[in-house]
Amino acid sequence: MALTESLITIDKTLAIPVYLQVSNGIINHIRQGILKPGAPLPASRVLAKSLQVHRQTIVSAYDELYAQSWIDIYPRKGIFVAKNLPDIVPRRLAATIQSHALAAETSFPVPDKIQVASLFNKPADGNLIFNDGFPDTRIAPVELMVREYRRFASYRFTPTYLMYGPEQGSLNFRTELAKFLSATRGLNVTAADILITKGVQMALYLTAQVLLSKNDVVIVGDPGYNGANEIFEHSGAKLELVPVDEHGLDMDAVEAICKSKKVKMLYVIPHHHTPTTATLSSERRIRLLELAKKYKFAIIEDDYDFDFQYSGSPILPLASIDTCGNVIYVGSFCKTIAPGIRIGFMIAPPNFLIQAIKLRKLIDRQGEQLLEEAMANLLKNGDIGRHLKKANKLYHERRDTLCGLLNKQLGDYITFKVPDGGFAIWVNYKQGIDPVKVAQKASELGLTISAGQDYYHDRSNKCNSVRIGFASLNEQELEDAVAIFSKAIKKVSEII
């Protein structure tokens, strides 16, 4: 049967290359039985003329079909549909066994020992969202990353990156990351001091598994980041809760616990504490390092959004002045770029890092080398730095926009402190306003907002505060969201 334009449709407006449209068209006709095994196919010049495309396009299409075993090519004879087609039909295990749906549950016992709260609650369709504080993925430098991936296509050494690589992460990436962290955070580190992880969450999990045993004491802030608390408890640790005020963790409370119990670890978010957005003061940072030295406990310093500062200069990390090896520093590009870009990092003394690298290998042999190499180039070229400057300016404007709208429309109903950085505002309700009822009414009106129930370790504690993110909403969306928020609060207030 002659292959003509009546059998193969080409649309040059599609993103799919023309040669793939040709090869996919031929494959479809083979699967439908229109082209039989062993049937001859036209020469590349003939088919190119018929389809009005360049001959090289047809040559590429035939190369693709041959690579997938759909055709056989015989020199001086021609091109034919393969006699043994590549599609494989599975055989039944036994004639008497019929296929069936997956079993509803296992026949062996599965312990229910992993207790984790849902991080994401699906909002109502079409609702605006005041999230927990995420970057705007619409401004992520995706095109720059795609550019780097395209470059790999022409690199003769790219196949190396498709094989197994260092468990610790790409050497190029760790080298460039060390330079970046030195310039931005004052960390005197080299590539050897860094372990690449899939976000901060993996770094926290590795740390807990390496250091913690059953009933070990871990100090955390309350309210705090329950995603970390769940990891520590899963490792068998006992949490000791300390209050958080406008200057961060209460160091008097930390010291009191150290005097009465053997503390193994303390978890701290020094910049823009989750959820309250408080920054740990310089005085408390120095005191924390002194306590860690005296009582010999580890500090996990989670600096997930250090790069986003709007008011003054950030305080350098604890890790930059730690002389005793007490600090395990973790961070991430999940907020720098987008949550879907799963690249985090851990910095720690060698004896700890070696154990973390071994465990990381057991969990997930290594990271994604191509992604890490792309990130290395973005850091080296200054693309990440430029993106951060643009994002900081934009998020600074959005913070000010949201604060202005809240003051103007809801000053009689809420209080808040303008955060000096980060992605969210910690809002306190006045007049006995119930966050749960506000969240319910806002959802009905088209806005998803926290009900204030997941900030304290004891989730039964009544909280009159909520964390609302501003970074992922543009100016118009912020105006629309605050209008709904205002309407919801006022409707709830009428009932009080």
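This is a predicted model: local features need pLDDT of at least 70, side-chain atom pairs count only at pLDDT 80 or more; totals for chains, interfaces and linings use all residues.
Residues are numbered from 1 along each chain as its sequence is written, and side-chain values use heavy atoms, with hydrogens and water left out.

**Entry 1: cavities**

I recorded the terms before going on. On a 1 Å grid over the protein atoms alone, a cavity is a set of points where a 1.4 Å probe fits but cannot get out; a pocket is an open set with protein on both sides within 12 Å along at least five of seven lines; lining residues have an atom within 4 Å of a point. Grid points are joined across faces, edges and corners, and a volume is the space filled by probe spheres set on the points. By this rule I count three cavities of 30 Å³ or more.

The lining of the largest cavity consists of Ile-196, Thr-197, Lys-198, Arg-342, Ile-343, Arg-360, Gly-367, Glu-368, Leu-371 and Glu-372. Strand β5 (194-197) and helix α12 (369-380) each supply at least two residues of that lining. Here helices (H or I, at least four residues) and strands (E, at least two) are DSSP runs, numbered from the N terminus. By class, I find three nonpolar, two polar and five charged residues around the largest cavity. For these classes, Ala, Val, Leu, Ile, Met, Phe, Trp, Tyr, Cys and Pro count as nonpolar, Asp, Glu, Lys and Arg as charged, and the others, Gly among them, as polar.

I then turned to the second largest cavity, whose volume is about 50 Å³. Its lining is formed by Val-244, Gly-248, Leu-249, Val-268, Ile-269, Pro-270, His-273, Ala-278 and Leu-280. That lining has seven nonpolar residues, two polar and no charged.

**Entry 2: the second largest pocket**

I noted about 320 Å³ of space in the second largest pocket. It is lined by 16 residues, of which Glu-246, Thr-276, Thr-277, Ala-278 and Lys-417 are the closest to its centre. Strands β7 (238-245) and β14 (424-429) each give at least two residues to the lining of this pocket. The lining comprises seven nonpolar, five polar and four charged residues.

**Entry 3: helix contacts**

I compared helix axes, which are lines fitted to C-alpha atoms, for helices over the stretch in contact, with angles running from 0 to 180 degrees between N-to-C directions. Helix α1 (residues 18-31) packs with helix α3 (residues 55-67) at an angle of about 50 degrees, their axes being 8 Å apart. The two helices α1 and α3 are therefore oblique to each other. (Angles under 35 degrees count as roughly parallel, over 145 as roughly antiparallel, 65 to 115 as roughly perpendicular and the rest as oblique.) I marked the crossing of α1 and α3 as right-handed; a crossing is left-handed if the near helix is turned anticlockwise from the far one by less than a right angle, and right-handed if clockwise. Residues in contact (heavy atoms within 4.5 Å) include Val-18, Tyr-19 and Leu-20 of α1 and Thr-57, Ile-58 and Ser-60 of α3. By class, this contact of α1 with α3 has 10 nonpolar, three polar and one charged residues.

Helix α2 (residues 44-51) also meets α3: their axes come within 8 Å and cross at roughly 120 degrees. That makes α2 oblique to α3, and their crossing is right-handed. In this contact, Ser-44, Arg-45, Leu-47, Ala-48 and Leu-51 of α2 meet Arg-55, Ile-58, Val-59 and Tyr-62 of α3. I count six nonpolar, one polar and two charged residues in it.

The crossing of α4 and α12 is right-handed.

**Entry 4: peptide bonds and phi**

I found a cis peptide bond from Asp-222 to Pro-223, with omega near 5 degrees. Pro-223 is in the loop between β6 (217-222) and α8 (226-234). Thr-274 and Pro-275 are likewise joined by a cis peptide bond, with omega about 10 degrees; Pro-275 lies in the loop between β9 (263-268) and α10 (282-295). Finally, I noted that Asn-215, although not a glycine, has a positive phi of about 75 degrees. Asn-215 is placed in the loop between α7 (199-211) and β6.
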